[in-house]
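I am opening a notebook on a structure that is new to me. The entries below record what I looked up, one topic at a time.

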Amino acid sequence: MKAAIFHGPNQPLTIEQVEIDSPAAHEVKIRTMASGVCHSDLHFVDGLYPYPAPAILGHEAAGIVEEVGDQVEYVKPGDHVIACLSVFCGHCDNCLSGKPNLCQSKPGRGFAGKPYFTWNGSPVFQFLNVSSYAEPMLHHENAVVKIREDIPFEQAALIGCGVTTGVGAALNTAQVEPGSTVAVWGAGGVGLAAIQGARIAGARRPRSLAPRMSSMPPPATPSSPSRTLRVAEPTTPSKQSGTSVPPSSASKRSTRAVPPPSSA
Ligand SMILES: [Zn+2]
Ligand SMILES: [Zn+2]
């Protein structure tokens with residue numbers, strides 16, 4: 001299977017052939033159908049946050065269940081799911097009080113456990129419980145959310161991070177009240193979702209204070225590489241990075257091109 005390998009800060013990702021483990025008792029193997037390129041992924045590529053390498057980035061995805069562990073009851077092969085980076089245990093104090101996003105005992109293999117992925121026989125780290133820049137993903141069953149089969153994967157994937165972040169900012173963080181006038185700085189994936197969240201909360205005039213995506217400037221130029229996600233040619237058999245390709249090629253599967261809501 002193919003995956004985009006993160007080699008460390010300020011290096012291009014490379015597409016490599018990697019091996020994926022079989023699902024353990026409570027794990028689910030998922031065929032990745034769509035993955036967003038969230039700016040948080042770029043923060044790790046830029047080195048703003050540390051992460052061990054090699055790793056497979058990507059944390060905003062949707063796909064189809066291919067295989068399940070022998071104790072999985074929530075989903076079955078063929079189910080459509082959204083990947084969820086906020087895996088939860090379901091039995092700690094926070095989970096039982098309705099705050100699974102603050103789970104104190106997140107299940108998973110961890111960095112020290114058996115690797116989810118291997119490349120040339122060496123472990124490749126999973127990223128934020130998801131690692132969606134790979135053809136299949138391997139998740140705990142509490143890191144997926146089952147969805148209807150008629151929802152397009154490109155739109156469902158966005159719910160895995162950008163939509164929940166933006167809608168949650170309006171409903172939970174800002175606690176927008178009916179009739180409010182709401183200003184949202186920035187109209188990217190999260191900002192557009194914040195506007196939608198404000199509308200759901202009953203805001204009278206949700207407004208973005210940034211250009212709509214259709215009028216935003218073109219992608220970053222080579223002089224500002226920190227805002228691009230670079231992908232190099234496969235390096236097999238050596239692990240040396242190859243030639244970079246333009247970011248437009250690397251982000252073909254980005255699902256960020258969401259039209260602004262008509263109410264904005
Ligand atoms: Zn994200
Ligand atoms: Zn918990």
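**Entry: a term I need.** Before looking at single residues I note the cut-offs for burial: a residue is buried if 20 or more other C-beta atoms lie within 10 Å of its own, exposed if 12 or fewer, and partly exposed in between. I also note that this is a predicted model.

**Entry: Asn-10.** I used the term on Asn-10. It has 11 other C-beta atoms within 10 Å, so it is exposed. I found Asn-10 in the loop between strand S1 (2-5) and strand S2 (13-17). Its phi is positive, about 60 degrees, although Asn-10 is not a glycine.

**Entry: Leu-128.** I looked up another residue with a positive phi. Leu-128 is not a glycine either, and its phi is near 50 degrees. I placed Leu-128 in the loop between S9 and S10. Is Leu-128 buried or exposed? I counted 22 C-beta neighbours inside 10 Å, so Leu-128 is buried.

**Entry: the whole chain.** I then stepped back to the overall make-up. The protein has six helices and 14 strands. It has 264 residues, and 38% of them count as buried. I also checked how far along the sequence the contacts reach. Among contacts between residues at least 6 apart in sequence, 72% join residues at least 24 apart.

**Entry: the sheet of four strands.** I traced an open sheet with the strand order S3-S8-S9-S5 and found its pairing to be mixed. Strand S3 (19-20) and strand S5 (55-56) each have a single partner strand, so one side of each has no neighbour in the sheet. I followed S5 to its partner. S5 and strand S9 (residues 122-126) run parallel and are joined by two bridges. Which residue of S9 is the bridge partner of Ala-55? I found Phe-125 there.

**Entry: Pro-54.** I looked at the loop between helix H1 (39-45) and S5, where Pro-54 is found. The peptide bond that joins Ala-53 and Pro-54 is cis, with omega about 0 degrees.

**Entry: Asp-21.** I went on to the loop between S3 and strand S4 (27-35), which holds Asp-21. Asp-21 has 14 C-beta neighbours inside 10 Å, and therefore counts as partly exposed. Which residues does Asp-21 contact, once its neighbours within four places in sequence are left aside? I listed Lys-114, Pro-115, Tyr-116 and Leu-138. For Leu-138 I also looked up the spacing: its C-alpha atom and that of Asp-21 are separated by 7.8 Å, while the two residues are 117 residues apart along the chain.

**Entry: the sheet of five strands.** I traced an open sheet with the order S10-S4-S6-S7-S11, in which the pairing is antiparallel. Its edge strands are strand S10 (136-140) and strand S11 (144-147), each of which pairs on one side only. From one strand to the next, the twist averages 45 degrees. I checked the end of the order at S11. Four bridges join S11 to strand S7 (residues 80-83), and the two run antiparallel. In one of these pairings, Val-81 has Lys-146 of S11 as its bridge partner.

**Entry: H4 and H5.** I turned to a helix pair. Helix H4 (residues 162-173) and helix H5 (residues 189-200) pack with their axes 7 Å apart, at an angle of about 45 degrees. The two helices are therefore oblique to each other. I noted the handedness of the crossing of H4 and H5 as right-handed. On the H4 side, the residues making the contact include Gly-162, Val-163, Gly-166 and Val-167; on the H5 side they include Gly-189, Val-190, Leu-192 and Ile-200.

**Entry: burial in H4.** Which residues of H4 are buried? I noted Gly-162, Val-163, Thr-164, Gly-166, Val-167 and Ala-170. The cover over the buried residues of H4 includes helix H3 (153-159) and H5. Last, I looked just after H4, where Gln-175 takes a positive phi of about 50 degrees.

Technical notes:
Residues numbered from 1 in each chain as written. Chains lettered and ligands numbered in written order. Predicted model: local features only at pLDDT ≥ 70, side-chain atom pairs only at ≥ 80, totals over all residues. Pairing = 2+ DSSP bridges. Contact = placed C-beta atoms within 7 Å. Axes fitted to C-alpha atoms, helices over the stretch in contact; angles between N-to-C directions. Parallel < 35°, antiparallel > 145°, perpendicular 65-115°, else oblique. Left-handed = near helix turned anticlockwise from the far one by under 90°.
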